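Have the model open while you read.

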Amino acid sequence: MKLHQLQALVAAVEHGSIRAAARELHLTQAALTKSLRQLEEEAGVALLVRKSRGVGLTEAGLRLHARALLVMRQLALAQDELQQAQGDEAGTVRVALTPYLMLTVLGEAFLWFRKRYPRIELRLIEGLVARVLPGLRDGTVDFAIVADSGDVTPQEFQCTRLQKDEQKLVVRAGHPVLRQPTAAKLAALEWVMPGPFSQGLDEGLLAMFAQAGVPPPQQITRCDAMAAMALIRQTDAMSVMPAPLLAQPEGHGLVELSLRSMRPPDIELVLLSPPEVPLTPAAAYLARCLTDAIAARGRSDSVNRAL
């Protein structure tokens, strides 16, 4: 397989047609078609399905396209690394962060990063583990800092464990359940939870209800983090969220619900990156800025709790 053939495949899929892909690559349609035909001959299977309105991928084409994207991304990273090593500010850093880091430490880390790399392009993706893993696998995400949900295997990613954060039971200020909270009353409420739409409560929360001696809630709404905070603030639903969020402006109107028999599990932050693929200097520096900001916030929280 030749590099220009893989580029032709990626371009054809990205632009949806041979004509548009040829125009993007500054080739004739005949030249691009020849590259794709040679790639199919080399692979020994059909990769593309020609349609009246463009092209699609066969099952084999889907597999090769995923690998071709990774090859293209690694070549771009190699070029970025060489240029950055020579002092040039070139390239793009793509990082995925769990939502509450966006609202707590991102701003400080961003300022540190920009002092050193004022012109590097940044692409920041908000997401939980299940959403960011595909990007780590196909190379469209350089690294991620997320809450470990148990979905990560050490063999698949390089994993650095950062710190644990407390979680709190949260309702809106003035919620009726605050007057006399019990485990049974909490289980009867609707719970709004950020995370994968097909998932119920995680094992830690199920264990919390089991320890309290009540069945878990039956009504669970899954949504994005900002939607969850809005729903908790505006309705009688409740949720669990990292403690540092309550001190942010976005946490206005939300209060912690304390119940001795109901303690949510802590969450652990982990930094994930593809194994055996070094980060570019700019990406490595951003990772350092973020981890330093997380550690500084953790020390500040410890001091506040001690006081």
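1. Ground rules first: two strands pair if DSSP finds at least two bridges between them. Helices (H or I, at least four residues) and strands (E, at least two) are DSSP runs, numbered from the N terminus. This is a predicted model, where local features need pLDDT of at least 70, side-chain atom pairs count only at pLDDT 80 or more, and totals for chains, interfaces and linings use all residues. Residues are numbered from 1 along each chain as its sequence is written, and side-chain values use heavy atoms, with hydrogens and water left out.

2. The sheet is open, with five strands in the order S4-S3-S5-S12-S6 and mixed pairing. S4 (121–126) and S6 (158–165) are the edge strands, each with a single partner, so one side of each has no neighbour in the sheet.

3. Look at S5 (residues 143–147) next. With S3 (residues 92–97) it pairs in the parallel sense over three bridges, and Ala144 is the bridge partner of Ala96. Leu97 stands opposite Ile145. S5 and S12 run antiparallel, joined by four bridges, with Ile145 opposite Leu271.

4. Is S5 buried or exposed? Five of its five residues are buried (under 20% relative accessible area; exposed is over 50%, partly exposed in between; 1.4 Å probe, protein chains only). Phe143, Ile145 and Ala147 cover one side, Ala144 and Val146 the other.
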